[in-house]
Amino acid sequence: MYPTFMTSPLKEVYDLLYRAWGPQHWWPGRTRFEVIVGAILTQNTAWTNVEKAIRVMKANRALVPIAIYKAGDKDVASWIRPAGYFNVKARRLKAFVEMLYTDFNGDLNHLFRLETEALRDKLLSVNGIGPETADSILLYAAKRPVFVVDAYTMRFMSRHGWLSLKASYDDAVRLMTASLPKDVDVYNEYHALIVNLGKEYCRPTPRCEECPLKPFLPSGRPILC
DNA sequence: GACCAGGCACATC
DNA sequence: GATGTGCATGGT
């Protein structure tokens, strides 16, 4: 997946996780718009709940921008109910497609012609799209080399002593990318592997005994657990 | 029943 | 700038 000039712990972490679990095949969405919808619906929400919501949207032929654009907030909220925060997220989906129609004639190809920085700024200008959601869209829908940091990333980095608990999102991005090749496939796989790590072993109550990263734990346990 | 999940906006200090 | 709060369903 990436060349073998491994000199930093974070490269070795990638290698350990990749050897343990192999490719994660992210993002689990067929179209770019489905990736965008998933990125908004999964905010602070388990992916299994997002899958249910996406199934309902597909059944209602609502997984295209025009359907969200024409639908009322109440209808959108009813489709995405299983994903939680459905009133908030309905407004966020509407806000995204309203930006898409107002500025790009409803055409994702048009939106995605923007350079990465301009595209990120445009995404962040939408109410309900913050740094992680924007970067997920950039990486997994627009295929830009942008590293996605999430709660799992912050947790595992701080527990291993690589990041302060007070570190910002941008601090985490800088640290993660400093020693990695700027490569869409590497960023794609790494973020997905970290999420799997978080789900399986690096929960608020950690399960370090069987963690693939055990070799990195000082005294066999994380610093802050 | 408590805790957690692939955040974000907004109010308040 | 930092901290607290609301948003809500579904799995463990």
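**Close-up views of a predicted model**

**View 1. The surface near DNA strand B.** The largest share of the surface near DNA strand B, amounting to 4 residues, is supplied by α9, where a residue counts as near a strand if its C-beta atom, placed from the backbone, lies within 6 Å of it. This is a predicted model, in which local features need pLDDT of at least 70 and side-chain atom pairs count only at pLDDT 80 or more, while totals for chains, interfaces and linings use all residues. Residues are numbered from 1 along each chain as its sequence is written, and chains are lettered from A and ligands numbered from 1 in the order in which they are written. Of the 27 residues around DNA strand B, those that come nearest are Q43, N44, G130, T133 and P204. The elements giving two or more residues to this surface are α9 (131–141), α10 (151–159) and α12 (184–200); helices are DSSP runs of H or I with at least four residues, numbered from the N terminus.

**View 2. The loop between α1 and α2.** W27 lies in the loop between α1 (9–21) and α2 (32–41), and a cis peptide bond, with omega of about 0°, joins W26 and W27. H25 also has its place in the loop between α1 and α2, and has a positive phi of about 55° although it is not a glycine. H25 is exposed, with 9 other C-beta atoms within 10 Å, exposed meaning 12 or fewer such atoms, with C-beta atoms placed from the backbone.

**View 3. The loop between α6 and α7.** N105 is found in the loop between α6 (86–104) and α7 (108–111). The phi of N105, a residue other than glycine, is positive and near 55°, and N105 is exposed, with 10 other C-beta atoms within 10 Å.

Technical notes. A residue is buried if 20 or more other C-beta atoms lie within 10 Å of its own, exposed if 12 or fewer, and partly exposed in between; C-beta atoms are placed from the backbone.
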